[in-house]
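Please look through the sequence and the three-dimensional model shown here before reading on.

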Amino acid sequence: MLFLLQTQTNSIKLNKMKTSFIPIVLTIISSLFVGTIKGQSSVPIAPGLSYTFYSTICPNLESIVRNHLLQVFANDTTQAAGLLRVHFHDCFVLGCDASVLLDGSASGPSEQSAIPNLTLRPEAFKIINDLQTLIQSQCGQAVSCADITALAARDSVLLTGGPSYNIPLGRRDSLNFATQNVTKANLPGPTLNTTQLLNALSTKNLSATDLVALSGGHTIGRGHCASFTNRLYPARDPTMDQTFYNNLKLTCPASNTTNTTHNDIRTPNIFDNKYYVNLMNRQTLFTSDQTLYTDSRTKDIVTSFAINQTLFFEKFVEGMLKMGQLGVLTGTQGEIRTNCSAMNNNGNNLGGWSIVEEDLREGIWSQS
């Protein structure tokens, strides 16, 4: 569904992914000098956020994030979908406040323990920890985990072929996390229909166009069989292409299989508009995806994105800017955590596992 809800990228590092990723990165790097997506300024900026928030206190912030992710994705480009998904799941529960990064405590289990979050990639949290360590080594405790998460998602889109765009910064980190019930209630599931999806997004002041555009995040990543076997068993969902169905049954031979498969069968590791082409060909995994093309309220939007990638990119950016400012904490609200997985006042400063932290201690890390 939308927001990569039951999506997980493959942890297996395939050599062909490494080699094919290099020209994509080179193309994107050269495109950075062309400019950013137009029209993003039409989305209002939440009070307390700014496009220049760190220009003085951490001027190299975006370079630190992008350079590290370039290295990560050169080794395994599938990590991009995991980072994008974390940002979605953070923002839709309590707001974009890094509450999804928190470990559980005596007050209860963390958001990560809720059913919709069980397939969030552990590697994504490690990458965010690594980024925080790198940033703190240059800027001290100046940048929130919520902003790091937002920047990592933005660059995950860019570095897999998507649009270049700026995001306002200045978020603070939460002082609590949501309960299991609140988490589940705020993350729309992969079996929802268009009416249910539109109702869910309307509570976030997001439109039908935002719904269809943000669902385009499924152009990268993987889906778990358990999230779409309702379309395979006991019989084929009539909205699913027959050949696509036959192939999926080979991957998911039973309703309880734990296998995964690509969300996008055409260009699975490239952020483009092929997701919408898949919708028109009835070759998508989740009910919550295919319903966007079968429902008259969203069908024309799907078609417009399928034939016009530039339009999709523009609307995706608008949707991300709206979503990325949901329920933000700013100023004296919240805090800047010293450790993204723990609140500052709980006495736990050990931090999450971080390869970069180990390298820095040993003096062997060098940043390109």
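## Aromatic pairs

The structure holds eleven aromatic pairs, where the rings of Phe, Tyr and Trp (its six-membered ring) pair if their centres lie within 6.5 Å, and where planes under 30 degrees apart count as stacked, over 60 as edge-to-face and the rest as tilted. This is a predicted model, in which local features need pLDDT of at least 70 and side-chain atom pairs count only at pLDDT 80 or more, while totals for chains, interfaces and linings use all residues. Residues are numbered from 1 along each chain as its sequence is written, and side-chain values use heavy atoms, with hydrogens and water left out.

One of the pairs joins phenylalanine 271 and phenylalanine 312, whose ring centres are 5.8 Å apart and whose planes meet at 10°, so this pair is stacked. Phenylalanine 271 lies in the loop between β2 (260-262) and α10 (274-280), whereas phenylalanine 312 lies in helix α13 (residues 309-323), so the pair ties together parts that are 41 residues apart in sequence; helices (H or I, at least four residues) and strands (E, at least two) are DSSP runs, numbered from the N terminus. Phenylalanine 271 also forms an aromatic pair with phenylalanine 313, and this one is tilted, with 6.2 Å from centre to centre and 40° between the planes. Since phenylalanine 313 lies in helix α13 and phenylalanine 271 in the loop between β2 and α10, parts that are 42 residues apart in sequence are tied together by this pair.

Phenylalanine 271 and phenylalanine 312 are buried, and phenylalanine 313 is buried as well, where buried means under 20% relative accessible area, exposed over 50%, and partly exposed in between (1.4 Å probe, protein chains only). Phe271, Phe312 and Phe313 belong to one aromatic cluster, which also includes Tyr275, Tyr276, Phe305 and Phe316.

## Nonpolar cores

In soluble globular proteins, nonpolar side chains tend to be buried together. A nonpolar core is a set of buried Ala, Val, Leu, Ile, Met, Phe, Trp, Tyr and Cys residues joined through side-chain atoms within 4.5 Å. The largest such core here has 81 residues, and among these Leu61, Leu69, Leu101, Ile135 and Tyr276 touch the most other members. Helix α5 (residues 145-158) gives the largest share of this core, with nine residues. A second, separate core has ten residues, including Met240, Tyr245, Leu248 and Leu285.

Apart from neighbours within four places in sequence, leucine 69 is in contact (heavy atoms within 4.5 Å) with Leu83, Ile127, Leu131, Ala152, Asp155 and Leu159.

Which residue does the UniProt annotation "active site" cover? In this unreviewed entry the annotation covers His89, although UniProt annotations may be inferred rather than shown by experiment, and their positions are given in the numbering used here with feature names shortened. Histidine 89 lies in helix α3 (residues 79-91) and is buried, with a relative accessible area of 0%.

Glutamine 132, in helix α4 (residues 122-139), is also buried, with a relative accessible area of 5%. The side chain of glutamine 132 reaches the backbone oxygen of arginine 337 at 3.1 Å.

## Asparagine 308

Asparagine 308 lies in the loop between α12 (296-307) and α13, and it is partly exposed, with a relative accessible area of 32%. Asparagine 308 and asparagine 273 are 35 residues apart in sequence, and their C-alpha atoms are 7.9 Å apart in space.

Key: Polar contact = N/O pair within 3.5 Å; in protein donor to acceptor, adjacent residues only side chain to side chain.
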